[in-house]
Amino acid sequence: MLRINDILDKVQSYLSTSETGMIEKAYIFSASVHQGQVRLSGEPYLTHPMEVCGILADMKLDAATLVTGLLHDTVEDTLATQEQIEDAFGKEVAFLVDGLTKISKITLGNQEERQAENFRKMILAMSSDIRILLVRLADRVHNMRTLEFQAPDRQLYIAKETLELYAPLANRLGINWMKMELEDLSFRYLDYDAYNDLARRVVKKKDKRDEYTEEVRGIINREMDHLGIKAEVEGRAKHFYSIYKKMKEQHINFDEVYDLTAFRIILDSDKEKDCYEALSVVHALWKPVPGRFKDYIAMPKANHYQSLHTTVIGPYGERVEIQIRTRAMHEWAEEGIASHWRYKEGRAFSSSDEDQIKILRDLLDVQQEIENPREFMSNLKVALFPEEVYVFTPHGDVKSFPKGATPIDFAYSIHTDIGNKCIGAKVNRNIVPLKYQLQNGDTVEIITQSGHHPSKDWLKFVVTSRAMAKIRNWVKTEERVKSVALGKDLLEKEFRKHHLKFGNFTKSKEMDDILAECHVDALEDLMAVVGYGRVSPKHVVHQFLPEEIKKEETVGKTLKKGEKAEPFGVSLTGIDDVMVRYAGCCDPIPGDEIIGYISRGRGVIVHTANCQRVRDMDTERLVDVQWDIREKRDYLVQIRVICNDKKGILADLSAAISTLDVNITRADTHTDQDGKATCDFSINVSDLDQFNRVIAAVRKVRGVVSVQRLLRA
């Protein structure tokens with residue numbers, strides 16, 4: 001367990017006596033208010049704020065941040081008040097603790113709403129003071145280090161959230177060590193077998209790899225010394241998740257991953273030109289691999305990361321990845337924005353800090369109008385995962401976009417009106433399709449036309465959260481207008497069937513009751529939800545019928561439902577008497593998180609919650625659905641296995657699947673020029689648990705490189 005003296009030892013080299021005294025005072029306060037509380041591990045609760053403070057101390061952050069680390073849970077989890085914090089530790093610390101408390105105090109209904117609101121508040125708080133986010137990230141690091149004490153379902157949820165949101169946030173802030181640790185810890189819980197297998201293989205190769213690393217370091221050091229270039233050469237093993245990602249993306253097995261070690265040349269000089277000189281030395285030593293050079297000094301990443309990256313054919317023909325940077329660049333690469341929040345007199349933000357805060361603030365700015373939590377989280381995830389492409393405006397300004405960005409993304413980055421009126425684009429003076437993917441160095445010019453409007457089809461290929469939000473907003477507005485008109489027409493027709501006039505009841509008490517029941521505020525909102533299919537016009541009219549007719553209809557409805565009752569397998573929130581279909585694009589199976597989409601004339605179509613098609617759907621038509629299995633049945637699901645092509649491999653795969661009492665309905669295989677076989681299987685499973693057992697069994701077959709669930713379209 002970390003002790004207060006351990007923390008004080010870490011900070012005494014850069015904090016004053018009065019500031020270390022404040023940390024001691026915060027420790028005593030935290031210990032007193034958390035007294036008697038324990039963590040799931042059985043340890044005193046105080047161990048958590050102590051470890052968080054220790055992480056912040058390792059990052060050499062200022063005294064106020066360290067004190068906040070010790071106090072971050074006091075107002076939320078103890079009887080301590082905000083006023084006590086301010087009286088004892090001042091306004092600055094009270095402000096930071098308050099920001100963290102507001103993030104945590106979320107009491108919304110479902111998990112998705114809580115997660116969305118959590119991140120919305122976190123980014124808002126961060127825009128006031130970046131240190132709030134730094135404490136939050138340190139808090140998540142320690143929670144991930146002790147995740148073993150959580151229940152299995154909580155482990156999976158927290159690990160997934162960490163991998164999808166917290167690790168990318170750390171990356172956005174440039175805190176590389178934190179990103180890597182969060183990714184590896186998440187990987188361990190999300191795919192325990194793959195993590196352990198990879199760890200075992202890496203350890204097995206460690207001695208040989210260490211020997212090779214020392215040899216390469218020695219060669220580079222000798223050449224640098226010979227030419228009078230002062231530099232430190234590091235060789236570090238890549239973290240597990242980056243190796244795993246490479247294996248999956250390139251469909252290769254572990255033995256084919258040659259660059260397990262990344263080398264860094266860190267120059268004592270602060271001149272950028274010296275990095276290029278060191279690069280020429282490396283390329284003189286070994287032949288560079290074409291297309292593997294990246295200049296992040298001339299064009300820094302969005303998080304201000306700067307370095308030269310090159311891959312060369314090193315000793316014994318092995319590929320060697322080398323990064324070259326100055327000491328200042330290296331500090332940013334490892335610590336990111338935290339390196340600028342270290343204790344220093346004056347503590348003024350640098351321009352790079354301001355830019356970084358602006359980038360994160362913009363993530364929220366374009367989504368202020370998005371109320372739907374699912375849509376907010378989808379946009380946030382997209383915004384946090386950029387592989388940058390750098391393009392030029394006609395005036396020569398550089399703009400960065402995520403990989404795969406299109407002219408539409410470019411247009412919306414300039415102005416919403418430019419995006420809405422876009423009818424075409426020129427790239428390097430040539431007309432290109434609007435779905436053209438921008439490449440590094442492209443010069444982009446947008447062609448607009450007054451009166452032109454966005455197309456819903458654009459959502460299929462745009463990649464920036466800003467463009468998605470603006471297009472969806474336009475489509476939603478248009479859809480609402482159409483749905484209000486349709487809903488009004490449907491209601492009028494249904495009222496006429498019962499010899500009633502819709503207009504006579506619009507301001508009645510019964511109408512107020514139905515508005516409250518449907519959770520809408522105005523008559524136009526009711527017409528919209530009827531038009532969308534969320535509420536049946538029959539249900540609305542039923543409220544206005546005489547009591548004797550209501551009873552007759554209720555009896556008839558009950559009999560009819562009794563005759564046709566079927567175990568659909570799902571229950572729908574707030575919707576009755578609708579046809580249910582399972583989406584063919586994602587093949588949901590019991591255990592998957594699912595979402596329903598109200599289609600026109602085809603009932604509710606059930607998709608997996610992470611289905612790519614759901615991202616492009618009108619959020620007003622999405623409804624909550626849950627599995628409601630009344631009798632066991634088989635569900636079709638498809639898997640793709642990438643493996644080494646060898647005699648008997650197909651029989652081994654089939655046996656691994658069949659031994660689990662799973663029926664294979666179809667199998668397609670083909671082999672590529674590299675000797676890799678791709679095997680697609682259609683199988684029948686009863687639920688997600690059985691499917692996961694199949695995946696685990698197939699992974700154990702010798703020669704298998706990767707296994708993944710396959711989407712049909």
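1. Contact here means that heavy atoms lie within 4.5 Å. The note concerns a predicted model, and this cut-off applies wherever residues of two elements are said to meet.

2. As an overview, the chain holds 27 helices and 20 strands. Of its 713 residues, 49% count as buried. Among contacts between residues at least 6 apart in sequence, 67% link residues at least 24 apart.

3. One helix pair deserves attention. Two packed helices are described by the angle between their axes and the distance between the axes. Helix α20 (residues 465–497) packs against helix α22 (residues 523–532) at about 90°, and their axes are 6 Å apart. The angle makes α20 roughly perpendicular to α22, because values from 65 to 115 degrees fall in that class.

4. The residues that form this contact can be listed for each helix. From α20 come Lys476, Glu479, Arg480, Ser483, Val484, Leu486, Gly487, Lys488, Leu490 and Leu491. They meet Glu524, Asp525, Met527, Ala528, Val530, Gly531 and Tyr532 of α22. Sorted by class, the contact of α20 with α22 comprises eight nonpolar, three polar and six charged residues.

5. Helix α4 (residues 63–71) has nine of its nine residues buried, so the helix is largely enclosed by the rest of the structure. The buried residues of α4 are Ala63, Ala64, Thr65, Leu66, Val67, Thr68, Gly69, Leu70 and Leu71. Each of these has under 20% relative accessible area.

6. A further feature is an open sheet of three strands in the order β10-β9-β11, with antiparallel pairing. Strands β10 (430–432) and β11 (444–448) are at the edges and have a single partner strand each, so one side of each lacks a neighbour in the sheet. On average, neighbouring strands of this sheet are turned by 35° against each other, with direction ignored.

7. Strands of a sheet pair through backbone hydrogen bonds, either parallel or antiparallel. In this sheet, strand β9 (residues 422–427) and β11 run antiparallel and are joined by five bridges. Cys422 has Thr448 as its bridge partner in β11.

8. The sheet also has a helix against it. Helix α18 (residues 407–414) lies across β9, β10 and β11, and α18 runs at about 80° to β11.

Note on methods
Residues are numbered from 1 along each chain as its sequence is written. This is a predicted model: local features need pLDDT of at least 70, side-chain atom pairs count only at pLDDT 80 or more; totals for chains, interfaces and linings use all residues. Side-chain values use heavy atoms; hydrogens and water are left out. Two strands pair if DSSP finds at least two bridges between them. Helices (H or I, at least four residues) and strands (E, at least two) are DSSP runs, numbered from the N terminus. Axes are lines fitted to C-alpha atoms, for helices over the stretch in contact, and angles run from 0 to 180 degrees between N-to-C directions. Buried means under 20% relative accessible area, exposed over 50%, partly exposed in between (1.4 Å probe, protein chains only). Angles under 35 degrees count as roughly parallel, over 145 as roughly antiparallel, 65 to 115 as roughly perpendicular and the rest as oblique. Ala, Val, Leu, Ile, Met, Phe, Trp, Tyr, Cys and Pro count as nonpolar, Asp, Glu, Lys and Arg as charged, and the others, Gly among them, as polar.
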